[in-house]
Amino acid sequence: MSARVVIAHLYPDDMNIYGDVGNVIALRRRLEWRGIDVEVRSVEVGSPFDFAGVDIVFGGGGQDSGQQVVAEDLLARGDDLRSLAAGGTPMLVVCGTYQLFGSSVVTADSAALDGIGIFGARTVAGASRLVGNIVVDSPFGRLVGFENHSGQTILDPGQDALGTVTSGFGNDRASQREGARTGNVIGTYLHGPVLPKNPHLTDHLLRVALERRCGPTELAPIPDDLERRAADSAAARPR
């Protein structure tokens with residue numbers, strides 16, 4: 001396949017906690033193993049960035065301080081990102097960036113941050129952290145990961161979740177809903193990082209990106225026995 005995939009990595013210096021950069025590595029490697037060229041472009045606070053030609057957008061987690069650093073810059077790029085989302089560009093945003101893709105965030109020190117509104121969701125910091133292994137039943141199959149967040153995210157009526165929690169917490173303590181999904185944009189609290197543990201989700205993002213660029217696409221299979229065993233082991237661990 002003669003294609004070149006461009007990945008926009010949102011704020012890698014400020015929003016990269018719990019190994020979330022591993023998601024970009026997973027996207028890159030699973031393309032390169034199939035002979036597909038990849039370019040990763042970093043989006044940095046205060047630096048111009050042209051989203052034209054971007055095929056995938058990724059944003060990781062960060063502490064409240066990181067969110068406050070990037071929030072205003074992300075708002076300034078909101079029109080570009082909303083346009084990409086409306087056009088079907090696949091995106092994966094984790095934890096802190098997931099929250100900022102909603103409508104609003106209130107941090108643990110009561111700072112109120114506006115989000116860019118791709119998800120109908122609001123987040124308020126809770127009194128305690130939601131920590132541990134998590135298993136989610138999703139349209140992409142079983143997803144496993146590790147969550148560590150104090151944010152309680154409530155989805156608006158009509159906003160799709162990424163999936164249903166079968167073990168763990170997810171968006172909050174009560175709803176059993178995890179993450180959010182709007183078109184091809186996926187938000188989640190799953191760290192780990194999530195994509196190496198769930199290669200079927202990785203390949204979904206890649207397939208969507210390649211089909212938008214090249215038309216109907218069948219990805220060459222990659223042996224995933226090790227990843228499946230790791231996911232099975234993670235799913236079997238107590239929370």
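Tutor: Residues are numbered from 1 along each chain as its sequence is written. In this predicted model, local features need pLDDT of at least 70, side-chain atom pairs count only at pLDDT 80 or more, totals for chains, interfaces and linings use all residues, and side-chain values use heavy atoms, with hydrogens and water left out.

Student: What makes β11 and β12 a pair?

Tutor: Two strands pair if DSSP finds at least two bridges between them, and a strand is a DSSP run of E with at least two residues, numbered from the N terminus. β11 and β12 have three bridges, in the antiparallel sense, so they meet that rule.

Student: Why is β2 called an edge strand?

Tutor: The open sheet has six strands in the order β2-β1-β3-β4-β12-β11, with mixed pairing. β2 (37–43) and β11 (180–182) each pair on one side only.

Student: What makes the residues of β12 buried?

Tutor: Buried means under 20% relative accessible area, with exposed over 50% and partly exposed in between, using a 1.4 Å probe and protein chains only. Val185 and Gly187 on one side of β12, and Ile186 and Thr188 on the other, are all buried, so each falls under 20%. Both faces of β12 are covered.

Student: Why is the space lined by 21 residues called a pocket?

Tutor: Rolling a probe the size of a water molecule over the atoms shows where empty space is left. On a 1 Å grid over the protein atoms alone, a cavity is a set of points where a 1.4 Å probe fits but cannot get out, whereas a pocket is an open set with protein on both sides within 12 Å along at least five of seven lines. The largest pocket has a volume of about 250 Å³, which means the space filled by probe spheres set on the points, joined across faces, edges and corners.

Student: Which residues lie nearest the centre of the largest pocket?

Tutor: They are Gly62, Gln63, Asp64, Arg129 and Ser150. A lining residue has an atom within 4 Å of a point. β8 gives the most to this lining, with four residues.
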